[in-house]
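Welcome! Have the sequence and the 3D view ready, and work through the exercises below one step at a time.

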Amino acid sequence: MVKRTFNRVELLKILREEKEVSGEELAQKLGISRTAVWKHIKTLIKKGYSIEVSKKGYKFVEKVIPLSEEEFSELPFKVYCFKKIGSTMDVARKLAEKGEEAVILAEVQTSGRGRLNRTWFSPPGGIWMSLVLKPSLDLKSSYILTYIASLATALSIEENTKIKVKLKWPNDVLYEEKKLAGILLEIQAELDKVKYAILGIGINANNFISSLEKGAISLREILNKEVNRKEIILSLIQHLKSLLNLNREKVISMWKERSSTLNQEVKVITLGREITGKALDIDEDGALILQTKDEIQKIYSGDCIHLRFIS
Ligand code: BTN
């Protein structure tokens, strides 16, 4: 058998021509193994191609209709929509430094970032946004913003899709223990006052994620249809506004009602330490209260793993 060199253009051509094509068929046409096909498909998805992966095979999905600034003209601040940028967080910081309150949206982020310096995969179809806020908060109360952001995200998802979501400490939005959305908070303070806050919100909306990340899922994958990103964004902003006007106790109590962390055995990785225990409560200063083997501990930041759900 003559060994053929693999050509990615050929793979894209077949995907464009066929409605849906199995791994087996692709392997035969391209003269490579099914594992190699999967590897190349993953690379294409990482590059931003919308390829749907199912048990039957692979298919190109229709192009995402980009969000546009005009769609948000009713808002009292500027919305910037980018086709492709590094990270909405960087644009947000520049605008914040100029004193602007704004929302920045991107169809694709090439250097999307998550908490704890992780990479945030941001292909077309997702909601990748940063909001520049100038809340009148002192620095020690600024923790409330992450609770507000995750709560507003959960409420807007529930309102627009009718699915039930849960919140994982400190600020993940989960659907059946799979990550649907995450929040990144960056704060600039002057003396003890918050000068500005940048809320980075990433929602797996119309993108496909579950075949790439075991612990993640998108709204499209849950509902088997596309969601209206504009409506989700508008209601998220509306919820943010209302929650910012509530007192902190109320926000925490609403957050706790939707929490999947409380009453669970968890492992929290914080400041290079691992602490295992039962999540008892969220304190009024935003800390997670953990009952460990020996004592009660308060934890202010970290990565939380729900032990019951580890497979
Ligand atoms: C997390 O780790 O859970 C937080 C993810 C935050 C991702 C969003 S997407 C929009 C904004 N821009 C980024 O680079 N990150 C945040």
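On a 1 Å grid over the protein atoms alone, a pocket is an open set of points where a 1.4 Å probe fits, with protein on both sides within 12 Å along at least five of seven lines. A molecule sits in a pocket if more than half of its atoms lie within 2 Å of its grid points.

This is a predicted model, in which local features need pLDDT of at least 70, side-chain atom pairs count only at pLDDT 80 or more, and totals for chains, interfaces and linings use all residues. Residues are numbered from 1 along each chain as its sequence is written, and side-chain values use heavy atoms, with hydrogens and water left out.

**Exercise 1.** Find where the ligand sits.

Step 1: The ligand sits in the largest pocket.
Step 2: Look at the elements (DSSP runs: helices, H or I, at least four residues; strands, E, at least two; numbered from the N terminus). Those giving two or more residues to the shell around the ligand are α4 (88-97), β5 (127-133), β8 (178-190) and β9 (193-203).
Step 3: β8 gives the largest share, four residues.

**Exercise 2.** Find polar contacts of the ligand (pairs of N or O atoms within 3.5 Å).

Step 1: The side chain of Ser-87 has an N or O atom 2.7 Å from an oxygen atom of the ligand.
Step 2: For Thr-88, a polar side-chain atom lies 2.9 Å from a ligand nitrogen atom.
Step 3: With Arg-115, a polar backbone atom is 2.7 Å from an oxygen atom of the ligand.

Terms used: A polar contact is a pair of N or O atoms within 3.5 Å; within protein, one must be able to donate a hydrogen and the other to accept it, and residues adjacent in sequence count only if both atoms are side-chain atoms. On a 1 Å grid over the protein atoms alone, a cavity is a set of points where a 1.4 Å probe fits but cannot get out, and a pocket is an open set with protein on both sides within 12 Å along at least five of seven lines; lining residues have an atom within 4 Å of a point.
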